Amino acid sequence: MARALSNHLLKGITGSPAGCSNRMVSALSIQSGMRYSTTVPNNPDTHDDFKPMDKFQDSTTSLKDVVEQDVRENPVMIYIKGVPEFPQCGFSSLAVRVLKHYNVPLSARNILENAELKSAVKAFSHWPTFPQIFIKGEFIGGSDIILSMHQSGELKEKIKDIAANQEKSA
């Protein structure tokens with residue numbers, strides 16, 4: 001089932017089934033209220049003008065500052081393996097599905113694209129595993145916590161004002 005879903009999603013993105021495409025998607029995207037970014041590894045055969053730029057490399061902003069800003073400015077922030085439309089692990093997939101159920105704006109960063117970002121998030125939250133979910137600036141936990149909160153109704157209460165604001169602006 002997971003392989004069929006992966007093939008279906010990848011086919012929709014690249015036009016070919018999983019395993020048949022050797023190119024990677026590079027984008028900063030805002031879709032359906034979700035914001036995320038992905039990067040492509042540097043390719044030695046690519047001209048410098050077309051290579052992806054690491055925006056943190058040339059910046060005076062530290063990764064700690066980036067994480068703090070992400071958590072502060074995004075009502076629902078999730079650090080996951082992959083992107084919301086194509087999570088790269090089951091725990092990330094579960095967390096995204098639960099959060100999408102509430103129709104809230106979801107901001108995400110792919111921790112697989114930057115090992116230093118992954119370390120900065122761990123240091124910020126004092127939590128070793130991913131995904132990591134922050135709601136209204138508060139660290140909530142991972143997919144197990146979000147699922148438990150969803151099942152008990154606690155998550156609905158926690159994000160009801162975010163969902164209400166989303167509906168007003170729509």
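**Close-up views of a predicted model**

View 1. With a relative accessible area of 1%, Phe134 is buried (buried means under 20% relative accessible area, exposed over 50%, and partly exposed in between, with a 1.4 Å probe and protein chains only). The model is predicted: local features need pLDDT of at least 70, side-chain atom pairs count only at pLDDT 80 or more, and totals for chains, interfaces and linings use all residues. Residues are numbered from 1 along each chain as its sequence is written, and side-chain values use heavy atoms, with hydrogens and water left out.

The structure contains 4 aromatic pairs (rings of Phe, Tyr and Trp, the last by its six-membered ring, pair if their centres lie within 6.5 Å; planes under 30 degrees apart count as stacked, over 60 as edge-to-face and the rest as tilted). One of them joins Tyr79 and Phe134, whose ring centres are 6.0 Å apart and whose planes stand at 85°, so this pair is edge-to-face. Distant parts of the chain are linked by the pair, since Tyr79 belongs to strand β3 and Phe134 to strand β7 (residues 132-135), 55 residues apart (helices, H or I with at least four residues, and strands, E with at least two, are DSSP runs numbered from the N terminus). Both Tyr79 and Phe134 are buried.

Phe134 also pairs with Phe139: their ring centres are separated by 5.2 Å and their planes are at 50°, so the pair is tilted. Phe139 is partly exposed, its relative accessible area being 24%. Through ring pairs, Tyr79, Phe124, Trp127, Phe134 and Phe139 are connected into a cluster.

**View 2. Asn74 in the loop between α2 and β3.** Asn74 is placed in the loop that runs between α2 (63-73) and β3 (76-80). With a relative accessible area of 9%, Asn74 is buried. Its side chain makes a polar contact of 2.9 Å with the side chain of Ser107 (a polar contact is a pair of N or O atoms within 3.5 Å; within protein, one must be able to donate a hydrogen and the other to accept it, and residues adjacent in sequence count only if both atoms are side-chain atoms).

View 3. In total, the structure holds 5 salt bridges (a salt bridge is a side-chain nitrogen of Lys or Arg within 4 Å of a carboxyl oxygen of Asp or Glu). One of them connects the side chains of Lys64 and Glu68, at 3.5 Å from N to O. Both residues lie in helix α2, with Lys64 and Glu68 4 residues apart, about one turn of the helix. Lys64 counts as exposed at 53% relative accessibility, whereas Glu68 counts as partly exposed at 26%.

Another salt bridge is formed by Asp70 and Arg109, with the closest N and O atoms 2.6 Å apart. This pair links distant parts of the chain, as Asp70 is in helix α2 and Arg109 in strand β6 (residues 107-110), 39 residues apart. Asp70 counts as buried at 4% relative accessibility, and Arg109 is buried with a relative accessible area of 9%.

**View 4. The salt bridge of Lys158 and Glu138.** The side chains of Lys158 and Glu138 meet in a salt bridge of 2.6 Å, N to O. Lys158 is located in helix α6 (residues 154-169) and Glu138 in strand β8 (residues 138-141), so the pair ties together parts that are 20 residues apart in sequence. Lys158 is partly exposed, with a relative accessible area of 22%; Glu138 is also partly exposed, with a value of 40%.

View 5. Helix α5 (residues 143-152) has Ser143, Ile146 and Met149 as its buried residues. Viewed down the axis of α5, these buried residues fall within an arc of 130°, so they line one face of the helix (the arc is that of the directions from the helix axis to the C-beta atoms). Asp144, Gln151 and Ser152 are exposed on the other side of α5. Gly153 follows α5 and has a positive phi, near 90°.

Ser143, a residue of helix α5, counts as buried at 5% relative accessibility. When its neighbours within four places in sequence are left aside, Ser143 is in contact with Phe91, Leu94, Ala95, Pro131 and Ile133 (contact means heavy atoms within 4.5 Å).
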